[in-house]
Each structure stands twice: as structure tokens, then as C-alpha cells.
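Hello,

Here is the structure you will be taking over. Please open it first, then read my notes below.

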Amino acid sequence: MTEARQQVTQARRIVVKVGSSSLTTAAGGLDADRVDALVDVLAKVRSGGEKEIVLVSSGAIAAGLAPLGLARRPKDLARQQAAASVGQGLLVARYTASFARYGVRVGQVLLTSDDTSRRAHYRNAYRTLDQLLEMGAVPVVNENDTVATDEIRFGDNDRLAALVAHLVRADLLVLLSDVDGLYDGDPSRPGTARIEEVRGPGDIAHVQIGSAGKAGVGTGGMVTKVEAARIAAAAGVPVVLTSASRAADALAGRDTGTFFHATGRRSADRLLWLAHASTPQGSLTLDEGAVRAVVHGRKSLLPAGIDSVDGEFTAGDPVELRDTEGRPVARGLVNFDAREIPQLLGRSTRELARELGPAYEREVVHRDDLVVLEG
């Protein structure tokens, strides 16, 4: 067994993500046999009590199509949310019944990515998931599609799985889809080969990655899975990418799929969510000195370094920080409403406190709520 596959067998806390195409029929309804087959594998993995499983499951919208008489995934948001509302209950009921065959309880956890970049919400999400695992349950995680807006978008649950793996401090992320790994070309064409291991982005820089899955009920494709693997690996979590039909082999450490080695260090930092899951509600343009302080000095953003403000946002919202050329350099949670900021521009906190009161003697974005974006 290779060193990479040993990491798989030694992993204690594992996040498994499964896509819609692996759970549903072509007509859009849940396929009970497919769900049971996946649960059989996961229940066996955790049966000895040494391993914990968190399941990030797509399929809510797809499961709601047939019951609502929809022939295909709707394009408009209102009907997507309606399908998710119906489908989420069916999906969790199916998992509940399937895991019950093994005497295992499941707990539904619906996350809104943007909220989880906030400090208190992040802690609460971790505590809930950790407590469910401690009590022997299997958390079934999904995006809260019934109320999400920008969150319902291309491949979101792949990225969500990577962020959940980071959130719960997982030892491994397993991404299951309808393709048995990453190939160096179109896997349907002769002469292409499966890429067994990826040690860094350079290993697959030459690979042209397709953007759509084979089935018509999901939203993700190989692009989103590779991006999710990159996010998790950079956060210190190794990743196996393979097909749902080979889940048992993958979790047993057998040579299947593509293994992505961890490229970064583990942390419990919620800023990964801020960088990859939040939707900026506006932007602040910084002068050159403020860009240096924020990006290179890792300092908080003060009012004196802001040239202009754009967008409608309130205190606590994520905003983009831009340089004088308009390029995004960082993202952070802002401490003031958009309408308050124009009167603060270019002024010192001491001067503002004297004129407007002590509430204004603070950073516009604190360094603890700020993440520098990769160039």
C-alpha cells in the first residue's frame, strides 16, 4: 500500500461528499437502491467505532423534481427553492431509513456558506457537528437551498464539502461523483489515463478539465471537484476523488480514483470560509499604503487608508478590498454600514472618536476578520 493510501486507511474523521447524479434516477427522483448502496459502505466504515463520517449530500433539488411534476432542473430561483423544499425532506427521510438498518441515527445540518464566515456562526456550526459525531450520529450536511440566493450556483456543494472538511478538522475528504477519477484527457476517448496522485497544482497544470457531469440533475462537474480538492488540500486535508460505485475501494485504501496530497497546514481558522464561501456585498478601494499594510503587513484596515466605497452593505457583511487599479486584494467583514463610511474616509480613528464618539475609534475591517486573496 502506498503512503497516500495509508493516509486514507489511517484517517479517523472523514467527510464524504456525494453528488446528485449518484443518488437519483434520470427522471429526477431518489434512487433508493443507490442511496442504500452508499449507506452500506459508510455504515461498514464506521462500524468498528474508530471512524467518524460526515456526509455532505447533494440531491435535494433533484429529489424534488419528480414530486412537483418538473421534467428537469428549473432555471429560475423560485422553483429551485420549491424543489429543494420538497426534496430536502425526502432526501433526509431516505437517509434516516437507510442508516436505521444499521441502528445509526442521522442529523440534518443545513448551512448557509456566507453565515459561516462569521465568528459566532462558525463556532456554532463546529460545535453542532462535533457533538453529533460525539453522540454516534452521522451528520448529513447540505446547503440551505430553500432560502439561499447566490448560494444556489454551479458546483456549490463540492466547495461546501471542502469547507466542511476544514470546519470539522477532518483527516480526509472523499469526493464521489459519476467519474472514477481525474484523467489526463477526456476519459471517454482511447489513450487517456487516470491520474493516480496529485502533489500540487503543477501536477495537473497541463490537464484540460471538463466542466460538466454526465447526468442532467446535478450542477457540478470535474472543474468544481478539482477546485474543491485544491481548497481542502491547501487547508491540510488530503482528498480522494472517485466514483460513488468505487466508494468502498476508495475508503479501504485501494488503488482507485485520484489522491490529492495535502499542500498546506491544518488550522481551525474560519477565514477559509470568508475567502471561498462568502459573497461580497460591496467594495472598498484602498490607497497604496493601506494595500501594503493589509496585504504585506497583515494589519487591520483603518479609515485613513480608504479612498472610496461602493455598494450597499451593513456592519458585519463581507466586502472586497481593492487596490488603486480595482484589483481585489483581500476580503473582510466590515464594521460599519456603507452609508457611514464616506464621512470616515482619509481620517484618523483618534479624530473620528473626538468628533463622532468612541464607537468610531475602531478599524473598518479588523485583521481577525480579514483574509488576503491569492494573487
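In helix α7, the buried residues are Met222, Thr224, Lys225, Val226, Ala228, Ala229, Ile231, Ala232 and Ala233. Keep in mind that this is a predicted model. Helix α7 covers residues 222-234, which is 13 residues. At 1.5 Å a residue it should span 18 Å, and its end C-alpha atoms are 18 Å apart, so the two agree. Just after α7, Gly236 has a positive phi of about 90°.

Is β4 enclosed or open? 6 of its 6 residues are buried, so β4 is largely enclosed by the rest of the structure. In a regular strand, side chains alternate between the two faces of the sheet. In β4, Val138, Val140 and Asn142 point one way, while Pro139, Val141 and Glu143 point the other way.

Now the pairing. β3 and β4 are parallel, with 6 bridges. Leu110 stands opposite Asn142 in β4. β2 and β4 also run parallel, joined by 2 bridges. There, Leu55 stands opposite Val140. Further along, 5 bridges join β5 (residues 172-177) to β7 (residues 239-243), again in parallel. Val174 has Val240 in β7 as its bridge partner.

Last, the cores. The largest nonpolar core has 44 residues. Val15, Val141, Val164, Leu173 and Trp273 have the most contacts inside it. Elements that each supply at least two of its residues include α5 (119-134), α6 (156-167), α7 and α9 (271-276). Which helix gives the most to this core? It is α6, with 7 residues. Setting aside neighbours within four places in sequence, Val15 contacts residues including Val54, Val56, Ala161, Val164 and Leu173. A second, separate core has 29 residues, among them Tyr95, Val138, Val240 and Ala250.

Best wishes

Terms used: Residues numbered from 1 in each chain as written. Predicted model: local features only at pLDDT ≥ 70, side-chain atom pairs only at ≥ 80, totals over all residues. Heavy atoms only, no water. Helix = DSSP H or I, 4+ residues; strand = E, 2+ residues; numbered from the N terminus. Expected span 1.5 Å × (residues − 1). Buried < 20%, exposed > 50% of the residue type's maximum accessible area, 1.4 Å probe, protein only. Pairing = 2+ DSSP bridges. Core = buried A, V, L, I, M, F, W, Y, C linked by side-chain atoms within 4.5 Å. Contact = heavy atoms within 4.5 Å.
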